[in-house]
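Colleague: I'd like a quick tour of this model. Can we go through it together?

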Amino acid sequence: MKKLLALLLVMTMVLSIGITFAGAETVGAGKKVGIAMPTQSSERWINDGANMKAQLEALGYEVILQYAEDDVQMQVSQIENLTAQQVDCIVIAAVDSGALTGVEAQAKEAGIPIVAYDRLLMDTDAVSYYASFDNEGVGRAIGEYIETAKDLANAAEGTSYTIEFFMGSPDDNNAVLLHQGVMKVLQPYLDNGVLVCKTGRTSFDDTCILRWSQETAQQWAENYLASFYADEDLDIACSAFDGFAYGIRSALEAAGYTSENWPLITGQDAELMAVKNIISGQQTMSIYKDTRLLASKCVTMVNAVINGTEPEINDTETYNNNVITVPSYLCTPVAVDLSNYEELIIGGEYYTPEQLGQ
Ligand code: BGC
């Protein structure tokens, strides 16, 4: 009798767990989502893909996750392929935001909705929603960090700091906005001479680095240091990306910089290596973009286009892609440095102390 009761109890538990899971899983049951990510060469996109996949699978969706390794043509073929497989929605973080109009139109014709992930899809009416971070806000946060750290607003008469800029890819709308945000804060100090850019390269056109290449950033830094900073140290490297910060670090080491004259170096993404470099002093700050949060906002958009629910939107004005203004959800970027990484990064369980070598 006891055995029978125990068996009944176990069966009831199994059944109720099954029902609970089935409840969460039914939203996406029988539906396929294709995710086209730009590259695995930078850690952030690996995390973005993994988070999106896990969160969608938890809702019962089948997920096809693809990376294009920064190859525009490869991404075009991947999206063509996802359309041919008749997925129910395609999420795209573009390699080149303007190069996908043909395949986007094909998907639209096939009745497949598209959600833009992190990078706005340009020149198309085939995109339903956009999930990202406040990209101009990222630039402002970098600019404000430099402004505060060097107390630029109260610089004494005759005090100046040298600065060089390493901005993002010209085919990525985020990079344009980031530069605008940086310059909103720093342009006045370039104008009044508190900041001095010895190469004279401050415009977006002069400072953008195609495909966010770490190697190019390193080469530029090497050239700048050799040609413009032989007699005077570089005080600030305003870098738009953690990857650039790694390249700049190598160039500085090769040029003989030490902790005595190490410049302020900014970054973006709070990659694991960047946070380690912040702890050891080789990078000053980064922008913390919680990819788990971004993925969760994007998932509400995928649900919306597939199941007709209402996604969370907090911006309906900013992101015009030259054809339509795309309803967006923008997460808030936060500056991270030595003073707050424990609270933000470890406290937020983004990385464990073990991952950070502690
Ligand atoms: C993203 C950044 C990232 C950069 C390079 C941008 O589109 O918004 O977070 O650092 O691409 O991968």
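Predicted model: local features only at pLDDT ≥ 70, side-chain atom pairs only at ≥ 80, totals over all residues.

Colleague: How many helices and strands in the chain?

Modeller: The chain has 12 helices and 12 strands. These are DSSP runs numbered from the N terminus: helices are H or I with at least four residues, strands are E with at least two.

Colleague: What does the C-alpha trace span?

Modeller: About 85 × 55 × 35 Å along its principal axes. Of the 358 residues, 51% are buried. Buried means under 20% relative accessible area, exposed over 50%, and partly exposed in between, with a 1.4 Å probe and protein chains only.

Colleague: On to the largest pocket. How much space lies in it?

Modeller: About 370 Å³. The search runs on a 1 Å grid over the protein atoms alone; a pocket is an open set of points where a 1.4 Å probe fits, with protein on both sides within 12 Å along at least five of seven lines. Lining residues have an atom within 4 Å of a point. Points are joined across faces, edges and corners, and the volume is the space filled by probe spheres set on them.

Colleague: Which residues are closest to its centre?

Modeller: Ser42, Trp45, Trp212, Phe241 and Glu271, out of 26 lining residues. The lining divides into 6 nonpolar, 9 polar and 11 charged. Ala, Val, Leu, Ile, Met, Phe, Trp, Tyr, Cys and Pro count as nonpolar, Asp, Glu, Lys and Arg as charged, and the others, Gly among them, as polar.

Colleague: Which helix gives the most to that lining?

Modeller: H2, with 3 residues. Helices H2 (43–58), H6 (173–191), H8 (214–228) and H9 (242–254) each supply at least two.

Colleague: Where does the largest pocket lie relative to the domains?

Modeller: Between domain 1 (2–134 + 290–332) and domain 2 (135–288), because both give residues to its lining. The bounds come from an automatic or database domain assignment.

Colleague: New topic. How many aromatic pairs?

Modeller: The count is 8. Rings of Phe, Tyr and Trp (its six-membered ring) pair if their centres lie within 6.5 Å; planes under 30 degrees apart are stacked, over 60 edge-to-face, the rest tilted. Take Tyr288 and Tyr350: their centres are 5.0 Å apart and the planes are at 75 degrees, so the pair is edge-to-face.

Colleague: Which parts does that pair tie together?

Modeller: Tyr288 lies in strand S10 (residues 285–288) and Tyr350 in the segment after helix H12 (341–346), so the pair ties together parts 62 residues apart in sequence. Tyr288 is buried at 8% relative accessible area. Tyr350 is buried too, at 12%. Tyr350 also pairs with Tyr351, tilted, at 5.0 Å and 50 degrees.

Colleague: Which rings form a cluster?

Modeller: Phe166, Trp220 and Tyr224 are linked by ring pairs. The charged end of Arg201 sits over the Trp220 ring, 4.7 Å from its centre. Arg44 lies over the face of Trp45, at 4.2 Å from the ring centre. The rule: NZ of Lys or CZ of Arg within 6 Å of the ring centre and within 35 degrees of the ring normal.

Colleague: Last one. Is Ser328 buried or exposed?

Modeller: Buried, at 0% relative accessibility. Ser328 is in strand S11 (residues 328–331).

Terms used:
Residues numbered from 1 in each chain as written. Heavy atoms only, no water.
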